[in-house]
Amino acid sequence: MARRIAVVAAAFLALAVVPAALAQAPGPAATPRGPPNVTAILEKGGQYTMFIRLMKETQQDTQLNSQLNSSYASNGGGYTVFAPTDNAFNNLKPGTLNSLTQQQQVALVQGHVLPQFYSMDSFQTASNPVRTQASGRDGPYTLNITATTNNQLNVSTGVVEVTVNNALSAVKPLAVYSVDKVLLPFELFGAKAPAAAPTASKPKKGGSSDAASGPAGADDAAPTGAASARAVGWSVAGLAAVLGYLL
């Protein structure tokens, strides 16, 4: 009987020791969350290959990821990206991108990036126009962003307008929102000022212009033909009369 009690006691003791040992055993170290990578987020989305390619060609992927690293390390204001889908690029007028210079393509990409982290809720208090990363001779390119009551955004460049309702990422320091249109900046694609009309020629005094001037009158024309012959004849006759009077 005593032996049986000892066995049961040993079993209970073992059950008590095992959980304690498991609790003290070192587990796998937790992987610290690092700064976000905009390229990785877009690749995971699966339908942003053309925007990724444009970012790479203009080296804006490297620049933005570097800025994200700095913002993450310093707990800065972060960034917001509006990412056009491949369908958005396919719906552009043929030759739109090829018509841009390298510098203009850089400005196009930067016009999709805001130098501040915006959640959907924080757009409620954003003041328009909202500044983008792009800038030109007249200052920064801007967007007008309006938050609606059904948790959507209306984004306008002055050339195109699109509704935003899907966030690929919204963890500070980076928010990435999907858009169904390429945000064509007004500064690059806005209506150009009309050319000045040609200046009309001023009329001369008397109400007639050079184009309306007629031929010179008979009094202004030099004598020709028969009129010249008659003038010579009268001159000879006059000379003869004078000589006859003197003789």
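The structure holds 5 aromatic pairs, where rings of Phe, Tyr and Trp (its six-membered ring) pair if their centres lie within 6.5 Å, planes under 30 degrees apart counting as stacked, over 60 as edge-to-face and the rest as tilted. Such ring pairs link Phe 82, Tyr 118, Phe 123 and Tyr 177 into a cluster.

This is a predicted model, in which local features need pLDDT of at least 70 and side-chain atom pairs count only at pLDDT 80 or more, while totals for chains, interfaces and linings use all residues. Residues are numbered from 1 along each chain as its sequence is written, and side-chain values use heavy atoms, with hydrogens and water left out.

Phe 82 and Phe 123 also belong to the largest nonpolar core, which has 43 residues and in which they, together with Leu 42, Ile 145 and Val 155, have the most contacts. A nonpolar core is a set of buried Ala, Val, Leu, Ile, Met, Phe, Trp, Tyr and Cys residues joined through side-chain atoms within 4.5 Å; buried means under 20% relative accessible area, exposed over 50%, and partly exposed in between (1.4 Å probe, protein chains only). Strand E8 (residues 174–179) gives the most to this core, with 5 residues. Strands (E, at least two residues) and helices (H or I, at least four) are DSSP runs, numbered from the N terminus.

In E8, 6 of the 6 residues are buried, so this strand is largely enclosed by the rest of the structure. Leu 174, Val 176 and Ser 178 point one way from E8, whereas Ala 175, Tyr 177 and Val 179 point the other way. The table lists pairings between strands, and two strands pair if DSSP finds at least two bridges between them.

| Strands | Sense | Bridges | A bridge pair |
|---|---|---|---|
| E1 (residues 79–84) and E8 | parallel | 6 bridges | Phe 82 and Tyr 177 |
| E7 (residues 167–171) and E8 | antiparallel | 4 bridges | Val 171 and Leu 174 |

A hairpin joins E7 to E8 through 2 residues.

Strands E3 and E4 belong to an open sheet of 4 strands, which has the order E3-E4-E5-E6 with antiparallel pairing. Strand E3 (130–136) and strand E6 (161–164) stand at the edges, each with a single partner strand, so one side of each is left without a neighbour in the sheet. Neighbouring strands of this sheet are turned by 25° against each other on average, direction ignored, the axes being lines fitted to C-alpha atoms, for helices over the stretch in contact, with angles that run from 0 to 180 degrees between N-to-C directions.
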